[in-house]
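My entries follow in the order in which I checked things.

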Amino acid sequence: MDEEVHRSPAAEISVTSNGDQEESHEDVFRDPSYGDLNLSESHISSGSFASMTEGIIASGPYRVSASQPTSPVAPVAPSSAAASRLARPISDSQTEIQKGTMQGQPQSGPVVLADDLKNPAMEKLDLVRKWSINTYKCTRQILSEKLGRGSRTVDLELEGQIEVLRDNKRKYEHVVKLTQTLANQLTQMMQTQRQLGDAFADLGLKSPELHEEFGYNADTQKLLSKNGETLLGAINFFIASVNTLVDKTIEDTMINIKQYETARVEFDAYRTDLEELNLGPRDTTTLPKIEYSQQEFQIHREKYEKMRNDVSIKLKFLEENKVKVLHNQLILFHNAIAAYYAGNQQQLDQTLKQFHIKLKMPGGDTPSWLEEH
């Protein structure tokens with residue numbers, strides 16, 4: 001009985017005939033009754049394994065009590081599997097423990113599928129690749145057109161309207177430049193007339209015998225200077241209106257024309273590319289390329305047609321707006337010039353009132369923010 005009482009629990013571990021334990025070390029590690037194993041504190045070395053008999057577990061016969069069933073213990077044969085498990089590195093055991101722990105615990109947090117991930121670098125690379133291909137095709141098309149080797153799509157009616165608009169734009173800019181020169185010269189003349197009128201008035205005060213003559217000339221020069229200010233206001237209004245027409249309205253249409261020309265070059269580039277592919281052989285390698293080129297050609301064709309329609313509409317509205325603006329400004333310029341050189345001050349003032357032009361008094365204070373707005 002004393003032998004049964006003091007028997008070690010390790011003696012009750014049953015082994016199979018080949019020396020393997022019935023319960024693997026992974027199951028033992030997973031058993032919560034064993035607690036957490038700190039393998040880093042183990043002092044098992046390969047040298048200690050070398051001194052042991054490979055895979056032999058010393059187990060002698062023991063006596064069981066009457067309350068327990070008798071089970072004979074078969075002799076244990078050497079086992080290479082047991083030795084390999086003992087000689088396995090500690091890091092492998094830790095990895096298996098971590099795997100077992102991760103498998104036993106449910107994962108929390110959002111699950112992100114790999115297919116849904118978008119790499120910004122790959123998207124930028126794809127955009128650069130498409131831009132490079134498109135730039136190469138367009139550059140080749142432009143060079144071939146300049147060298148006379150490539151064909152281009154031409155809308156004769158639209159191209160004629162665009163050429164007329166460009167020519168008118170250059171002429172309007174030239175008119176504005178000349179009118180600005182006239183305004184500068186008029187300003188200098190007004191300053192000279194003002195100074196001359198002051199000189200006549202001063203001489204009239206110092207020469208009593210010529211007081212009336214100097215006074216007439218002084219009044220005439222001051223009147224001319226005043227009328228010049230009125231004319232200068234009309235000219236500046238004319239310059240500002242034509243500049244708005246050229247720099248804003250026409251320039252906005254020119255931007256659409258540039259976009260239309262870019263779309264036309266792209267359309268011709270992809271059209272030429274498709275024609276070259278259709279002239280070549282048709283096999284399993286070229287058919288996908290032809291289909292893809294057909295799709296790209298259709299996309300750029302729709303873009304070209306859309307831009308062509310937009311430019312046509314823009315040119316139509318621009319022509320109507322241009323006629324209306326220039327009609328009013330040319331009447332203003334003519335009436336102001338005619339009234340000034342005719343000496344009709346009343347007609348000159350009436351012209352400015354007709355077009356709601358307010359003159360800025362020379363040397364006057366600049367209007368406040370509330371007055372401007």
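**Confidence.** I began with pLDDT, the predictor's confidence in each residue, which runs from 0 to 100, and I took a contact to mean heavy atoms within 4.5 Å. The model is a predicted one, in which local features need pLDDT of at least 70 and side-chain atom pairs count only at pLDDT 80 or more, while totals for chains, interfaces and linings use all residues. Residues are numbered from 1 along each chain as its sequence is written, and side-chain values use heavy atoms, with hydrogens and water left out.

For residues 95–116 I found that pLDDT stays under 50, and that the model has eight contacts for them beyond four places in sequence.

I then went through the elements, where helices (H or I, at least four residues) and strands (E, at least two) are DSSP runs numbered from the N terminus. Helix H3 (residues 46–51) has the lowest mean pLDDT of the elements, 41, whereas helix H7 (residues 156–206) has the highest, 94.

**H7 and H8.** For the helix pairs I used axes, lines fitted to C-alpha atoms over the stretch in contact, with angles from 0 to 180 degrees between N-to-C directions. H7 and H8 pack at about 160° with their axes 7 Å apart, so H7 is roughly antiparallel to H8 (angles over 145 degrees count as roughly antiparallel, and those under 35 as roughly parallel). Sorted by class, their contact has 29 nonpolar, 14 polar and 10 charged residues (Ala, Val, Leu, Ile, Met, Phe, Trp, Tyr, Cys and Pro count as nonpolar, Asp, Glu, Lys and Arg as charged, and the others, Gly among them, as polar).

**Salt bridges.** How many salt bridges does a search of the whole structure find? I recorded 18, a salt bridge being a side-chain nitrogen of Lys or Arg within 4 Å of a carboxyl oxygen of Asp or Glu. Lysine 169 forms one with glutamate 251, and their closest N and O atoms are 3.8 Å apart. Because lysine 169 lies in helix H7 and glutamate 251 in helix H8 (residues 211–279), this pair ties together parts 82 residues apart in sequence.

**H9 and its partners.** The axes of H8 and H9 lie 8 Å apart at an angle of about 165°, which makes H8 roughly antiparallel to H9. The contact of H8 with H9 has 30 nonpolar, 13 polar and 12 charged residues.

Key:
Angles under 35 degrees count as roughly parallel, over 145 as roughly antiparallel, 65 to 115 as roughly perpendicular and the rest as oblique.
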